[in-house]
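Biologist: I am new to this structure and would like to learn how to read it. Could you show it to me and then take my questions in turn?

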Amino acid sequence: YPAISLAKANTCVSVKSSSRAYGAKYLKPSESGEKVGPETFARVLNQITTLGGKAAAFQGGILLMDKTDSQIVGSVGVSGAAGDEDEYCALRGVWDCSIANELTTSPSEHSCKTVKDTKR
């Protein structure tokens, strides 16, 4: 699903966080248990529309930053499995790349329950 992968990656750079964090900020109940109202949902739809439909409010997009100064250097979006698995694949790819020691990611760790990988 290349269009979804692109939307996830674009979200990260546009909002300066992971696509998971973006979705959690706007589409999940608050810590106090307050539910998301229609005005919040409308705001997310407006943001996605403003980005030409190239944004996604669910897992699978990670933000890449320079380890020395935290400057954003890019993002990775993955689609094709469950959201947690997509996010894991994006992280695993970055962790295994030749410049992994120069990068930090958001999120920094995976939360995929179907993967028991603890090797970083």
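Predicted model: local features only at pLDDT ≥ 70, side-chain atom pairs only at ≥ 80, totals over all residues.

Biologist: In what order do the three strands form the open sheet?

Modeller: Strands (E, at least two residues) and helices (H or I, at least four) are DSSP runs numbered from the N terminus, and two strands pair if DSSP finds at least two bridges between them. Here the order is S2-S1-S3, with antiparallel pairing. Strands S2 (72–77) and S3 (103–106) are at the edges with a single partner strand each, so one side of each has no neighbour in the sheet. From one strand to the next, the twist averages 25°.

Biologist: How many bridges link S1 and S2?

Modeller: Five bridges join S2 to S1, which spans residues 61–66. Leu64 is opposite Gly74 of S2.

Biologist: Which strands does helix H1 lie across?

Modeller: Angles run from 0 to 180 degrees between N-to-C directions, and axes are lines fitted to C-alpha atoms, for helices over the stretch in contact; contact means heavy atoms within 4.5 Å. H1 (residues 2–15) lies across S1 and S2, at about 150° to S2. Helix H4 (residues 83–95) also packs on the sheet, where H4 touches S1, S2 and S3 and makes about 25° with the direction of S1.

Biologist: At what angle do H2 and H3 pack?

Modeller: H2 (residues 19–27) and H3 (residues 38–50) pack at about 145°, and their axes are 9 Å apart. Among the residues making this contact are Tyr22 and Tyr26 of H2 and Phe41 and Val44 of H3.

Biologist: What should I look for in the backbone angles?

Modeller: Most residues other than glycine have a negative phi, and most peptide bonds are trans. Lys16, however, has a positive phi near 60° and sits in the loop between H1 and H2. Ser70, in the loop between S1 and S2, has a positive phi of about 65°.

Biologist: Is Lys16 buried or exposed?

Modeller: Exposed means over 50% relative accessible area, buried under 20%, and partly exposed in between (1.4 Å probe, protein chains only). Lys16 counts as exposed because its relative accessibility is 58%.

Biologist: Which peptide bond is cis?

Modeller: The bond from Ser106 to Pro107 is cis, with omega near 5°. Pro107 belongs to the segment after S3.

Definitions and conventions:
Residues numbered from 1 in each chain as written. Heavy atoms only, no water.
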